[in-house]
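The report below concerns one predicted model and describes selected side-chain pairs, a contact between chains and the make-up of one chain. Please read it with the sequence and the structure in view.

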Amino acid sequence: MAYSDKVIEHYENPRNVGSFDKDDPNVGTGLVGAPACGDVMKLQLKINDQGIIEDAKFKTFGCGSAIASSSLATEWVKGMSIDQAMGIKNTQIVEELNLPPVKIHCSVLAEDAIKGAIADYKAKRQNAAAQVAAPSAPQKAAGGATQKATT
Amino acid sequence: MTLKLPIYMDNHATTPVDPRVVEAMLPYFTEIFGNAASRSHSFGWTAEKAVELARDQVGALIGASGKEIVWTSGATESDNLAIKGAAEFHKDRGNHIITAQTEHKAVLDTCKRLEKEGFDVTYLPVEHDGRVNPATVRAAMTDKTILVSIMLANNEIGTVNPIEEIGAVVKERGAIFHVDAVQGVGKIPFDVNAARVDLASLSAHKMYGPKGIGALYVRRKPRVRITAQIDGGGHERGMRSGTLNVPSIVGFGKAAELSRTEMASEAKRLFALRERLREGIQSRVTDTYINGSMEHRLPGNLNISFAYVEGEGMLMGLKDVAVSSGSACTSASLEPSYVLRAVGVEEEMAHTSIRFGLGRFNTEEEVDYVIDLVVGKVNKLREISPLYEMAQQGIDLKSIQWAAH
């Protein structure tokens with residue numbers, strides 16, 4: 001299969017590879033896909049108290065298109081508000097990377113990973129707020145959502 | 001010596017034509033262009049003589065007479081002719097066919113077609129080392145079994161079946177024994193009499209001959225009957241009509257002769273190269289798994305899984321090396337290799353497999369280059385693999401509820 005130049009460029013020089021501490025209250029983690037399906041993406045967002053995505057990191061098990069899709073996603077979301085990031089559509093990734101039809105699922109995974117990371121962050125914030133309101137309530141394990149792959 | 005890139009290590013898919021084969025073929029395009037079926041002039045006689053020599057050369061490679069060789073367009077046609085031809089001719093004796101789950105698609109899809117026409121087909125499982133157990137063949141045979149089709153060597157994992165033992169089992173019940181011998185012939189010894197084979201499919205382009213030419217061995221003593229699948233002028237003893245492709249047949253003959261005379265030394269050399277590649281990789285990369293038997297394996301084959309690194313992602317990093325992967329992403333079906341699945345390799349590991357096929361023209365320098373490249377890419381891709389990170393943290397990947405999609 002011939003890859004587009006942009007896919008090759010991201011594959012050769014992936015942006016923002018790495019991990020944040022998943023227990024950091026300002027970090028949201030999205031883990032999507034499955035090893036048996038041949039692709040797993042972990043995308044992490046560091047979100048400040050104003051709801052702006054300050055930084056993003058990813059790790060991906062998958063083909064070149066999956067690596068490029070997640071690399072591109074981390075580039076795009078940096079500096080975005082949560083709402084802006086929620087608005088990223090997989091079709092934009094397909095267009096930017098010239099993904100062929102057989103690789104569209106890679107872009108879907110990247111979109112899901114962004115949404116999963118934001119959902120994880122929001123869940124953490126809600127738990128923290130609940131604790132402020134009712135300090136005696138039992139503490140829920142932070143980052144519990146990271147162990148659950150969401151698609 | 002400078003290395004020429006890209007490096008070809010996909011010799012199970014096809015092989016380059018040996019220059020000695022090309023040389024033998026050339027006169028048959030221009031000077032000796034006759035139709036081998038022309039009986040009225042010297043152009044035809046000369047072409048026929050060349051075809052008959054090639055028949056003997058191909059026959060000699062498998063312990064057969066040249067008279068038992070039927071030319072076809074390739075292994076897919078040979079498999080179709082053998083299986084459909086035998087099933088059709090012998091359908092009054094029974095309707096049961098036995099094959100194995102790891103066979104080539106040319107065999108499996110032909111059997112599926114016959115199922116639609118009313119035949120019963122048993123697709124035997126294989127052992128974890130990738131080989132067919134003769135006892136499972138014996139257990140599957142019934143009074144209705146007319147045909148057993150088992151490959152000599154597997155195209156993905158290179159495992160070699162105990163074909164002589166299987167042949168003996170098949171003959172206990174008097175069924176016809178077809179062997180898709182494409183990957184093994186010319187690489188390892190194969191004798192149609194020792195294995196009691198009735199029909200055997202061969203292909204030239206897997207043994208440094210041209211593409212588009214194959215053969216079906218059809219036993220003469222005792223005579224094995226099959227129904228022709230292509231009708232026409234009654235060429236090839238009525239089993240396969242069509243004007244013979246003389247230059248390619250000459251090339252196939254030459255390729256077979258070279259394989260026969262050089263097999264022992266070439267197998268030794270390829271085995272050494274394969275082991276150099278395997279040891280070079282495994283001594284420097286952790287968590288690798290060889291798929292299929294190491295003991296009963298084609299000398300040039302290495303099928304290896306690199307845990308936590310997806311196969312197609314890996315191939316992209318190995319762009320200067322032609323290899324293939326059992327990963328789903330390399331096929332349109334999104335299913336990982338059915339051969340690896342049949343061998344019991346889990347889906348996640350099937351996605352991480354790479355097949356190396358070493359051949360006549362690979363060198364030690366190439367192998368050393370590939371080792372360095374593979375080690376570097378696996379390390380790089382593991383750095384960006386969330387699965388590797390989790391494994392390093394001691395997280396059991398099987399404990400996670402992955403969402404299937």
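B:Lys254 is partly exposed, at a relative accessible area of 23%, where buried stands for under 20% relative accessible area, exposed for over 50% and partly exposed for what lies in between, with a 1.4 Å probe and protein chains only. Its partner B:Glu257 is likewise partly exposed, at 26%, and the two side chains form a salt bridge whose closest N and O atoms are 3.4 Å apart; the term requires a side-chain nitrogen of Lys or Arg within 4 Å of a carboxyl oxygen of Asp or Glu. Both residues belong to helix H8 (residues 246–282) of chain B, where they are three residues apart, about one turn of the helix. Helices (H or I, at least four residues) and strands (E, at least two) are DSSP runs numbered from the N terminus.

This is a predicted model, in which local features need pLDDT of at least 70 and side-chain atom pairs count only at pLDDT 80 or more, whereas totals for chains, interfaces and linings use all residues. Residues are numbered from 1 along each chain as its sequence is written, chains are lettered from A and ligands numbered from 1 in the order in which they are written, and side-chain values use heavy atoms, with hydrogens and water left out.

Over all chains the salt-bridge rule gives a count of 35. Some of these pairs are set out here.

| Pair | Closest N and O atoms |
|---|---|
| B:Arg39 and B:Glu48 | 3.8 Å |
| B:Asp198 and B:Lys171 | 2.6 Å |

In the pair of B:Asp198 and B:Lys171, the aspartate lies in the loop between strand E6 (176–180) and E7 of chain B and the lysine in helix H7, so the bridge ties together parts that are 27 residues apart in sequence. B:Asp198 is buried at 5% relative accessible area, while B:Lys171 is partly exposed at 23%. B:Arg39, by contrast, is exposed at 61%, and B:Glu48 is partly exposed at 25%. A network of salt bridges links B:Asp18, B:Arg20, B:Glu262, B:Glu266 and B:Arg360.

Contact, meaning heavy atoms within 4.5 Å, takes in 32 residues from chain B and 32 residues from chain A. The area buried between them, which is the accessible area (1.4 Å probe) that two parts lose on being put together, summed over both, is about 2800 Å², with carbon and sulfur atoms giving 64%. Four salt bridges are found across this interface.

What do B:Tyr208 and B:Phe361 form? They make an edge-to-face aromatic pair, at 5.8 Å centre to centre and 85° between the planes; rings of Phe, Tyr and Trp (its six-membered ring) pair if their centres lie within 6.5 Å, and planes under 30 degrees apart count as stacked, over 60 as edge-to-face and the rest as tilted. B:Tyr208 is buried at 2% relative accessibility, whereas B:Phe361 is partly exposed at 40%.

Chain A has five helices and three strands, which follow the pattern α-β-β-β-α-α-α-α along the sequence. Of its 151 residues, 50% are buried.
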